[in-house]
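Take a moment to look over the sequence and the fold before reading on. The paragraphs below go through a few parts of the chain in turn.

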Amino acid sequence: MLSLSTRWTLHLNKTSKIVRKRKNFPSQKGWEYCFILWGGITILWAIGWMFYGCESPNRHSSISVEEKNYIMNSRNHEEKAPGPFPLKAIVSSGPVYALLVAQCSQTFCFWMLATKGPEYLDKILKMDLTTIGTHSGLPYFTAFAFSMLVIWLNHMLVKNGTLTTRSSRMLWNGIGMVVPALCILVLGYTNPENLVFAITLLYIGITTNITIYSGHHANHLDLSSNHAGLLMGNLNTIANIGAAAAPLVHGAIVTDPTDPDQWRILFSLTAAIWLIGAVVFQVFGSTERQPWDDQSAAVENDSEAANPQVDSNENHIELSIRTSGTHTSPPESDKSQTLIK
């Protein structure tokens, strides 16, 4: 999305210069309009989320009955208020750490490619600014279109039993991290003369990376249906350290932006981090709902174990007979079952 916004930013900056010439606007106006636009869109979205966002389909004010019933019937657990956030259990959970590693590596590599990819196109591949804007933003449109196909295909494969939930997560996560890693690795060794091949690698890498949303990005719901929001928020906060680290690592490695060898080191490191995230999630990741997901249910089970209730009518009759001291023959239909017992 950043690269798409960069393209719009360049367009708006060019437009603002034309407007300044025609309307005699002060010369300092320009880039700030681009920031105001994207910041304003974000604020409007946040306001809409505050008014229309809700925790459950049952609490939504405008959802249709058909959609609500479809969502509720698709759930594999009863909706109820979750217990307290099990922080102590989460920090000792292996699958959570596997998910965190995958999320950190993805965040670092994505922002490395999104923020420094256009500079590579400029300094190494010698592309003009307009072409850079096009090929920095357009791959995200192809990724959006590809995501629609992936969603449909994944649903069909899981529904007909071809893929399990785990195999589905691992498949799409592998594609979404391994393929971009290979693309960026080869991109670093591509000569400027092979410009079409380099652009093709960029499109393939960004487009296939979208499948991680059917991979580890959906894993929070697998591990914890009750605390998925908090789990996502906490892990995403930690993972965004990678977003801040990406330009710092770039600055430490690429001291001369026109040196292709330095870019190869940077892209090789980025590819390695992507691959590490994919392997860790593949080996240590899980799609099983974790025992700590619902502490309130565990408390209820413990209380039931401490105070067992007799639910069977037969056992209730037997208990009444013993306490009263009388002996009554069971019904004829139950005699055979009594003898067997």
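What follows starts from a record, then turns to one histidine and to one helix. The model is predicted.

The UniProt entry, which is unreviewed, annotates residues 30-52, 137-158, 170-189, 195-216, 228-253 and 265-284 as "transmembrane region". Two of these spans can be compared with the model. Residues 137-158 are 100% helix and 0% strand, with their end C-alpha atoms 32 Å apart. Residues 265-284 are also 100% helix and 0% strand, and here the end C-alpha atoms lie 28 Å apart.

Histidine 135 belongs to helix 6, which runs over residues 129-159. Its side chain makes a polar contact of 3.0 Å with the side chain of tyrosine 203. Apart from neighbours within four places in sequence, the residues in contact with histidine 135 are Met127, Ile199, Leu202 and Tyr203.

Now consider helix 12, residues 260-284. At its start, the backbone nitrogen of aspartate 261 has a side-chain oxygen of aspartate 259 within 3.1 Å.

Which residues of helix 12 are buried? They are Gln262, Trp263, Leu266, Phe267, Thr270, Ala271, Trp274, Gly277, Ala278 and Phe281. Among the elements that cover these buried residues are helix 5 (94-123), helix 7 (165-187), helix 9 (219-223) and helix 11 (241-253).

Terms used: Residues are numbered from 1 along each chain as its sequence is written. This is a predicted model: local features need pLDDT of at least 70, side-chain atom pairs count only at pLDDT 80 or more; totals for chains, interfaces and linings use all residues. Side-chain values use heavy atoms; hydrogens and water are left out. Helices (H or I, at least four residues) and strands (E, at least two) are DSSP runs, numbered from the N terminus. A polar contact is a pair of N or O atoms within 3.5 Å; within protein, one must be able to donate a hydrogen and the other to accept it, and residues adjacent in sequence count only if both atoms are side-chain atoms. Contact means heavy atoms within 4.5 Å. UniProt positions are given in the numbering used here, feature names are shortened, and annotations may be inferred rather than shown by experiment. The expected span of a helix is 1.5 Å times one less than its number of residues. Buried means under 20% relative accessible area, exposed over 50%, partly exposed in between (1.4 Å probe, protein chains only).
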